[in-house]
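Here is my note on the model, point by point. Please keep the structure open while you read.

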Amino acid sequence: MNADNFSVQIKDLDLNFGAVKVLRGLNLDINNGEFIVLLGSSGCGKSTLLNCIAGLLEPSDGQVWIGGKNVTWDEPSQRGIGMVFQSYALYPQMTVRGNLSFGLKNARIPRDEIERRVARAAGILQIEPLLDRKPAALSGGQRQRVAIGRALVRDVDVFLFDEPLSNLDAKLRADLRVEIKRLHTQLNNTMIYVTHDQVEAMTLADRIAIMKGGKVMQYSTPDEIYNRPQNKYVADFIGSPSMNFVEGTIKGGKFTAPGLALDLKGYDFVGGKATDGAAVIGIRPEHVVTGELVSGAPFQTDVTVDIVEPMGSDTLVWADLGGAPFRIRMDGQARVHRGETMRVGLEPARASLFDVKTEERL
Amino acid sequence: MANASTNIAAAGPRGPKPRRAISGRNIMIYGTLGLVALYYALPLYVMIVTSLKGMPEVRLGHIFAPPVEITFQPWVKAWAQACTGLNCDGLSRGFWNSVRILIPSVVISIAVASVNGYALVNWKFKGSETFFTILIFGSFIPYQVMLYPIVILLREMGIYGTLGGLVMVHTIFGMPILTLLFRNYFTSVPEELFKAARVDGAGFWGIYFRIMLPMSMPIFVVAIILQVTGIWNDFLFGVVFTKPDLYPMTVQLNNIVNSVQGVKEYNVNMAATMITGLVPLTVYFISGKLFVRGIAAGAVKG
Amino acid sequence: MSAVRRRPKLLRNLNAKFAAMPMILTTLVVFVGGTIWTVVYSFTNSKLLPRLNFVGFAQYERLWNTGRWETSIHNLLLYGVFALVFTITIGFLLAVLLDQKIRFEDAFRTILLYPFALSFIVTGLVWQWLLNPNLGIQNAVRSLGWESFSFDPLYTPKIVMFGILIGGLWQGTGFIMCVMLAGLRGVDEEIWKASRVDGIPAWKTYIFVVIPMMRPVFITSLVLVASGIIKLYDLVVAMTSGGPGGSSEVPAKYVYDYMFTAQNLGQGLAASTMMLASVIIILIPWAYLEFGGRKRG
């Protein structure tokens, strides 16, 4: 009830570009100090939503609240936010120091205060030696650090990140990801982070909002999203390699499909108990039990190995289950060969069941 | 608009910030642009209205007033009767001269430059880049520096003062910009395509006609727009390299309007000016963004 | 390898060399050869026909002692400075106005650019008519009641170059506006977003961020306008024919007149060599900036 508990609140936000509805009746509550990741494939509206929060795009309807204040009509600079962009968007003709202090000078903040803030940001981000260089003389990772610094000196409670690591190579991305996480624990302010990379989302977020078609499909902790996806879209989107789906029917607490007959005892139904009818079961490749552990699994069956993809740390096996391809993730040292028959075990408690029509979790 | 999921009464600002359509900023922007547009459009307007007035009305001096009585007589006179020197068969002579200059010049200059650009991109040979660099820098040399040597060259070839000579001059001076245009375009064609065609056994001309040419229609249109307006508007080459009965339209127009003999017929002059401007204006208004693309290509140095 | 006899070097890639022949001939014969010819013959006393009778710098001495040439240079400088400053400034300001996500952008652009499609002769004749003292703008304003209004540049030697400038600007600013607009559109959208988050007003962003970023566009525009100014000829011929009393003469016209009508070839060639020199003076710093910048970037 009290708006002050929330750092950022999105209320019934709509945004249309002409006839195209980019955001539809979107609601999102973000607590103080939370790290929120907006995750989705391109065109899902995640960057649009971030731009609306920043005030860079005007919503067609609805409100944005930041720090208990309705900022829907406020300029970006008045909203108490700092923002980091994918292309870094550093002012190319200014030094790093110039980039960090330009906005502050413009806001007529006293010179010694500017110096103090720049020094603090440079210290936190370890960019002191770069202060007198121009962006062109910096590496991608250094540029992104300066871009974060520009948000940092604004002394604000909310940080917005718009795919900040997408322009970096894989190794640098992993390094900077850890730095951003460290920054969050150090500053403890609210961070809203847009990405299409599920690893970034899972590792950074306190809560993830998975978006599709301008709507939030699920908004909860990484753990919840991974283990209890609310719908088939989320289940399919999260996890790599992605979840196996098998269509079948539930009858009398049992799920049956070609090659499968699972007793659903131990499955945590949303409604408390099973309802009979058509359903889809989703099983993550890494939740398929193989080797000696199979004997402990509630359901066991034989599958034929079709393709083996060794990846070093694990091995991905494409098998045939009841005439359909089925992915199994095994240990990297597992030795399996094409054409072999392999015994696997499934645990209904770790599976997810979805309604065939609504695709919602059962 | 109360929504069940919203637990706080949605008070205060929501949706887009209301803006007055007539804000100070808008008045400034549209006002300035409107005035500027007026300044730019005015000469065309004056040209048209003057050309539709009779001389008595022109002498009244209401240059901005629309014609009281519309007459097409000035247009007829400009086209068929206006005098240059002893000839009094109007601008039509210059018009047809310009057409006869334009068509071969456009075709030949574009053919030469497109093949040249293609050779520069896909069939580099030793020195090809050097020649191209000289070509581009050469385009900055004032024409006056090269006028007389070309006169000698054409005279030696026996085509000085002929249409053929002028076509050659247009081909030469159109080459830098057109070659640049085609070279930049062909560079953007994936090299794999060229390699695949070579593996399939196609040669220099085979690849040009069967692959490059069909893929490059847009850039050919841009080149045509550029050349049609450029060659039609040329004055200097026309006056230097042709003889009076072959003068292109611009030269004849200038001779008609700026002749010192006789009474000045401003309405006929404006009709003549308008007729001369019609070809490039038509190309401009029809081609729209392609025209912009053509001149932008000229602005971006390779 | 040894079994296959390769064709002699010169005959390899023959089709391409054949296709590039017009370019090779143009650069060697016309651009390089023609320029050298002009420079060499500018040191001769050729009259009606070129003759290799060297007279040292005599043609240049005569050139710089000729009042008409001095007027031409003075006029070109005057016209050049104003044309450069106004074309670039107005072109940029108009581009900024068009870049404000306005409605009817295409219509405005079409109107501002159409003069560029017209020839200098047409441009010159229209403005000659508009600036006609008895029937043009001056008369129109006087007939509104402002009897003492005076605006007669084409017949006033002191300001005749400004009359020509009006026509030149009308024809050329739209083009530079288009070049600038392309430059503005090339600025990363996120730079603008960043400056809004920083709370920087738009005009400050233009001055401190966007204009410095557009340096190459400004240099390109400068070179384009400058090389156009040196060629200034058709417009003068159409508007004033060099008058009144030779007060709007320009170098390009001087060259033409001496070469083709005054039958003093050596003088015309010396004048055209001076034009070449001025282009080189513009071109060298530009080439230095352009290619020096590329190495750094």
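1. In which loop of chain A is the place of Gln126(A)? Gln126(A) sits in the loop between helix 3 (111–125) and helix 4 of chain A. Helices (H or I, at least four residues) and strands (E, at least two) are DSSP runs, numbered from the N terminus. Phi of Gln126(A) is near 55°, a positive value in a residue other than glycine. Gln126(A) counts as exposed because it has 11 C-beta neighbours inside 10 Å. The cut-offs are these: a residue is buried if 20 or more other C-beta atoms lie within 10 Å of its own, exposed if 12 or fewer, and partly exposed in between, with C-beta atoms placed from the backbone.

2. A word on the model and its labels. This is a predicted model, where local features need pLDDT of at least 70, side-chain atom pairs count only at pLDDT 80 or more, and totals for chains, interfaces and linings use all residues. Residues are numbered from 1 along each chain as its sequence is written, while chains are lettered from A and ligands numbered from 1 in the order in which they are written.

3. Now chain A as a whole. Its secondary structure comes to eight helices and 19 strands. The C-alpha trace of chain A spans about 75 × 45 × 35 Å along its principal axes. Of the 362 residues in chain A, 43% are buried. Take the contacts in chain A between residues at least 6 apart in sequence: 65% join residues at least 24 apart. Two residues are in contact if their C-beta atoms, placed from the backbone, lie within 7 Å.

4. Look next at the six-stranded sheet of chain A. This open sheet has the order 6-7-8-3-9-10, with mixed pairing. Two strands pair if DSSP finds at least two bridges between them. Strand 6 (81–84) and strand 10 (215–220) of chain A are the edge strands, and each pairs on one side only. From one strand to the next, the twist averages 15°. Helix 4 (residues 140–152) of chain A packs on this sheet and touches strand 6 and strand 7 of chain A. The direction of helix 4 makes about 170° with that of strand 6 of chain A. Axes are lines fitted to C-alpha atoms, for helices over the stretch in contact, and angles run from 0 to 180 degrees between N-to-C directions.

5. Strand 3 (residues 35–39) of chain A runs parallel to strand 8 of chain A, and five bridges join them. Here Ile36(A) stands opposite Ile192(A). Strand 7 (residues 158–162) of chain A also pairs with strand 8 of chain A in the parallel sense, over five bridges. In that pair, Phe159(A) stands opposite Met191(A).

6. Chain A has another open sheet, of four strands. Its order is 17-16-15-18, with antiparallel pairing. Strand 17 (324–331) and strand 18 (341–346) of chain A stand at the edges, each with a single partner strand, so one side of each is left without a neighbour in the sheet. The twist averages 50° from one strand to the next. Six bridges join strand 15 (residues 299–310) of chain A to strand 18 of chain A. Val303(A) stands opposite Met342(A) in strand 18 of chain A.

7. Asp155(A) lies in the loop between helix 4 and strand 7 of chain A. Its phi is near 55°, a positive value in a residue other than glycine. Asp155(A) is partly exposed, with 15 other C-beta atoms within 10 Å. The peptide bond from Ser240(A) to Pro241(A) is cis, with omega near -5°. Pro241(A) is found in the loop between helix 8 (232–237) and strand 11 (244–251) of chain A.
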